[in-house]
Amino acid sequence: MSSYLRPTNLEDALHHLASVPATVIAGGTDFYPARVGRPVDEAILDISAIEELRGISTTSRHWRIGATTTWRDLLDAELPGCFDGLRAAARQVGGQQVQNVATVAGNLCNASPAADGVPPLLSLDAVVEIHGANGVRLLPLADFVLGNRRTALEGSDLLTAVLVPKAWEGARGGFLKLGARSSLVISIVMVAGTLTVDAHGSVERAALAIGACAETARRLPELEAALRGRPADGDLAGLVSPAHFQALSPIDDHRGTAAYRLDAAATLCRRLLLELASSP
Amino acid sequence: MNDLGQNLADDRVTVRVFLNGQRQERQVAPMKRLSEALREDFGFTGVKVGCDAGDCGACTILMDGMQVCACMVPAAQADGKMLVTVEGMAADGVLSRVQQAFQRHGAAQCGACIPGMLAAATDVAARKQNPSERDVLDALGGVLCRCTGYRKIIAAVVDAGSEPQTTPPGAETAVGARLWRSDDVAKLTGVERFGADVIPDDALWLRAVRSPHAAAEFEIGDLQPLLRGHPGLSRVLTAADVPGNNGFGIYPDLKDQPVFADGLVRYRGEAVLALLGEREAVLAIDPEALPIDYRPLPPVIGLAAATAPEARQLHADRPGNLLIEADVRCGDASSALADCAHVVEGTWRTSSVEHAYIEPEAGYARRVGDRIELHVTTQTPYMDRDEVAQVMGLPPESIRIVPTACGGGFGGKLDQSVQPMVALAAWLADRPVACVYNRPESLMASTKRHPARIEARYGCDGDGRLRAMELMGTFDTGAYASWGPTVAGRVPVHASGPYRVPNVNARGRAIFTNAPPSGAFRGFGVPQCAIAHEALIDQLAEKCGLDALEFRLLNALRAGDRTPSGQELTASAGLAQCLEALRPHWQRARAEVAEHNRAHPVRRRGAGLGCMWYGCGNTGMTNPSTMRVTLSAAGRVTLYNGAVDIGQGSYTIMRQICADGLGLPIDAIEQVVGDTDLTPDAGKTSASRQTYVTGKATELAAADLRGRILRQANAARDAAISLADGILRVADGGIVHDIPLSQLPADADGVVLTGEATFDPPATPLDADGQGAPYGTYAFAAQLAVVEVDLELGTTKVLSIAAAHDVGKAINPTLVEGQIEGGIAQGLGLALMEEYLPGRTENLHDYLIPTVGDMPEIEVMLIEDPEPTGPHGAKGVGEPGLVPTAPAILAAIRQATGVAMHQVPATPDRLRAAILAAGEAS
């Protein structure tokens, strides 16, 4: 049975969701494209009017990106350099029309293998905050996006925020997207990375994630380990090897072959490391 | 609404908006797309629907000052917002600065993207005082345009802050002046009405149900339960309902495409039946729930499969799946090739390409007594009329076609889409019946550019003079004939390119497969063919140690030469001038590329050339246009202009030609456009024929009327005429005659004098060897592309295009540039990104066309080598813009990478694979 609800506070939203299973929408930019040529005939919970879910705030341990925070909000926010990758992704999520209404959290919930927001947030060790029947729980992003269009959301769960640990404060972030045209393009491959450098100029921590090369975006733990302790200079790129990508399982499709995706992923990784090593 | 805002979706919510400067409120279904709510509930049809998926941006509006795609905003979310659509941008009849800049720069062509473009442009203009080109590209990146190549739009937005100029540039004569479009204000203010904008409120809705299979037999089961279950569904139309011939097609003997398939479907997307009823009821039906029992057949996909000996035959009367083949033979190509000092050869493959006009197919029909009136988006009203008539079993005079504004065509709106279905339904229901394709339907159902396999050999003597060419062009014509014969006929004529070649053996053939029908698409097979001949020309130049431009110049067809069809080019063969205009650009580009590459081993640049020639008008057959211009007793001059303007500007340039022909200012020329009851047949808007053929008819019709006017005063040919207050003044030397027009005998329409003329270009049929004079004239062009290839990723960025085009005479240089720039954009898409795959790329995020950021800098150079049979020397330019672009880009890629791409699009993965393979081979 179709219904529509647009509450203005979280409590009402959760209360409603607990009683009526509903499709949650905010920006609508994934919802409508999936329904071209057919009517909306489902129960809808529109969370876009819940003010408390919008905006970026800080806690002692996290940056907190509320669930209805748009890509435009993110671009307009004052955020440190570790968000540069996420900001670069924000500029490439659809056109500005999409960036103006689409939400960061929605990009995660849609769980496309090519979601532009996932690799940067994975490389920031993001955690999602979920309000469910049993209260609030936190889940690492890697455990939230389970597969193509599959997430850990169940029943009356509502994703309410994306949390980025402050441990990355002072880190450098970057993001490279490869598509077959300049804008409005679904990624063939994308790479995001976050890097901290110690007082001696060596890599303290590195986090790298690849998107569109598996059912979900993946971190590259072997490469990250190989980078640790190395001087943060152009030689980092030379550490990238095919072995680091063995956990990926890209597909052949009209955007590119699997072999091409792996090849391009390695190239993008090298370039991203050069960029991160040379940034201040 | 309760405290939680809860509502059933059937219920409506109150949406209060501040819309285009006015407070408005409507009761709207909360999840209705805001685009639909604005069009249907608030009445602002300036909001265009191009995809419903955020892929095209045509529906872009401003919401609280920010650009959003209205198709993805729930109507309920607009509550309390300030909205601006294209209708709200002008204030008190004065265009906004951004609109004025679009007008000055000729930024609108078909106009279907313009409402979205203007919203995006207004957004950036409000944010940035003097936006940089980068700012503009970012802001417009979400709006697709298929006509303009974006350059004039970018220029307009960058220039929007400058002091407005409110009147068009003045000129002594209209012809040759950069006059603003006759229809630009309508296109810039949302007043223009496209196919989906004219539908009456009481229209029934028709929705075709299409085959999900490329090949299948099918049976339709009992439809009564469906009809009973959906009270709003009034009937289901099938093949059995078609009263006339259940078949349409371009050629009189090839009406092979059914309106509704009759037990057998031959492509994914073929119409099987149509649902007719109230709109919401019809759209709510799940096609998969219909009682259609498909028995899939193994589909015949691709040329190899279709031509294999064991291939299943798609049409009983077409053995070998061969639709048609056509030859051009002159001299003795095979023995001449044996004698050549240098011979090169190769095979090239091109993909299926979608027109991707921003306006999907749309229109409605209504029955008026024993006649049917159709209001549709089309490139060809008279062909529509005749096609609908034979499907309905009615005489052509019983059908009236009133073209709406056409939101892009490029050849794709030369075939039937909604026309026969809505005509049939309106006839049976005796109610207006509308049909609007959604984007996936448009992609699935419509025709495509023929995928091709071109095998060619080219040879020259030791001095670099071309001696012989052989070409076999095999074209995948898909499930039905459509324009396949035109492609097969045009290709061999143009096979050897714009060069003097004494020995040619060229064949074009069209093969049936279970792909969507391939039809007309800007160039009719010549763009595919040019990819082959230009690659071979480059190789021959290298073999001879000659510069690629000088080699082309040496061999360029010139006036006095004979074509491979045996036609003597008596005038207006301007390839040499085009190449000479490009020479400094070419030399500079070569030097800059070499310097860049010394410092950049990974992102390497290359420069490449592409040349073309293109016969204007139909191939070897009559294709007349008739134009009429009248003078009324009230002193009004009306041009009856049947040359449908699909964005290229025929509603502007015909007025220019008419004005000069009469000796009156352009503002004096009113128009009645493209209505088969009112305007004479000006043929179809295709084959680069309107400027040349209809333009000439206009010139002659204006001369006819002017002659009649002068005879009223026995005045000399150079007498000046003017009109004021119903008085015709003829000033002949010192003598002034004032003729009160009301004193002249008037017909029932108040017309006192009429000029009319028909022009049919001087073409003759081709014989079995393709010999004859297939066209009245040819356009010539040369383009230079500079690209940068990322060798590690296989990505190509086109940096610049210099385009030199011999257009005979530019009737309106701004419009001519627009055609060339738009053609370049489509050529770029063909070369680098466009590939239609049924079932895979049925939307505009999987099927990629160039966005604003993909466009290079473009410099257009207009060469005017006049064509004596054309109006003021003009010839066509619609298709020539596209033809040389892909060859030039591929040549530039080859120079940058050393890799010759034999398959387009040269997508990043294909190019990277080729680079890797070349590296392994070396």
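Predicted model: local features only at pLDDT ≥ 70, side-chain atom pairs only at ≥ 80, totals over all residues.
**Entry 1**

I then looked up which residues of H17(B) are buried, and found B:Leu575, B:Ala576, B:Cys578, B:Leu579, B:Ala581, B:Leu582, B:His585, B:Trp586, B:Ala589 and B:Val593.

Next I checked the span. Helix H17 of chain B covers residues 575-599, and at 1.5 Å a residue its 25 residues should span 36 Å. I found its end C-alpha atoms 35 Å apart, which agrees.

I also looked for a bend. There is a kink of about 40° at B:Arg583, shortly before the proline B:Pro584.

**Entry 1: one glutamate**

Is B:Glu192 buried or exposed? I count B:Glu192 as buried because 25 other C-beta atoms lie within 10 Å, and 20 or more is enough for that label.

B:Glu192 sits in the loop of chain B between helix H6 (184-189) and strand E7 (204-210). Leaving aside its neighbours within four places in sequence, I see B:Glu192 in contact with B:Gly111, B:Asp183, B:Ala186, B:Lys187 and B:Ala405. I noted one more pair: B:Glu192 and B:Ala112 are 80 residues apart in sequence, but their C-alpha atoms are 9.1 Å apart in space.

**Entry 2: strands in chain B**

I turned to a hairpin. Strand E2 (residues 13-19) and strand E3 (residues 22-28) of chain B pair in the antiparallel sense over 7 bridges. In this pairing, B:Arg16 stands opposite B:Glu25. The hairpin has 2 residues between its strands, and B:Asn20 in the turn has a positive phi of about 50°.

Then I looked up an open sheet of 3 strands in chain B, with the order E10-E8-E12 and antiparallel pairing. Its edge strands are E10 (264-265) and E12 (292-296), each pairing on one side only. Strand E8 (residues 216-220) is joined to E10(B) by 2 bridges, and B:Ala216 stands opposite B:Val265.

**Entry 3: domains of chain B**

How many residues of domain 2 of chain B are in contact with domain 4 of chain B? I found 16 residues of domain 2 in contact with 12 of domain 4. On the domain 2 side, helix H11 (381-392) and strand E18 (399-403) each supply at least two residues. That side divides into 8 nonpolar, 6 polar and 2 charged residues.

**Entry 4: where chain A meets chain B**

Last, I looked at the two chains together. In this pair, 42 residues of chain A are in contact with 53 residues of chain B. On the chain A side, strand E1 (3-5), helix H1 (10-19), strand E3 (43-46), helix H4 (96-99) and helix H9 (258-278) each supply at least two residues.

Which element gives the largest share of the side of chain A that touches chain B? I found that H9(A) does, with 4 residues. The residues of this side of chain A divide into 19 nonpolar, 18 polar and 5 charged.

How values were computed
Residues numbered from 1 in each chain as written. Chains lettered and ligands numbered in written order. Buried ≥ 20, exposed ≤ 12 C-beta atoms within 10 Å, placed from the backbone. Contact = placed C-beta atoms within 7 Å. Expected span 1.5 Å × (residues − 1). Bend = angle between axes of the 7 residues up to and from the residue. Pairing = 2+ DSSP bridges. Nonpolar A, V, L, I, M, F, W, Y, C, P; charged D, E, K, R; others polar.
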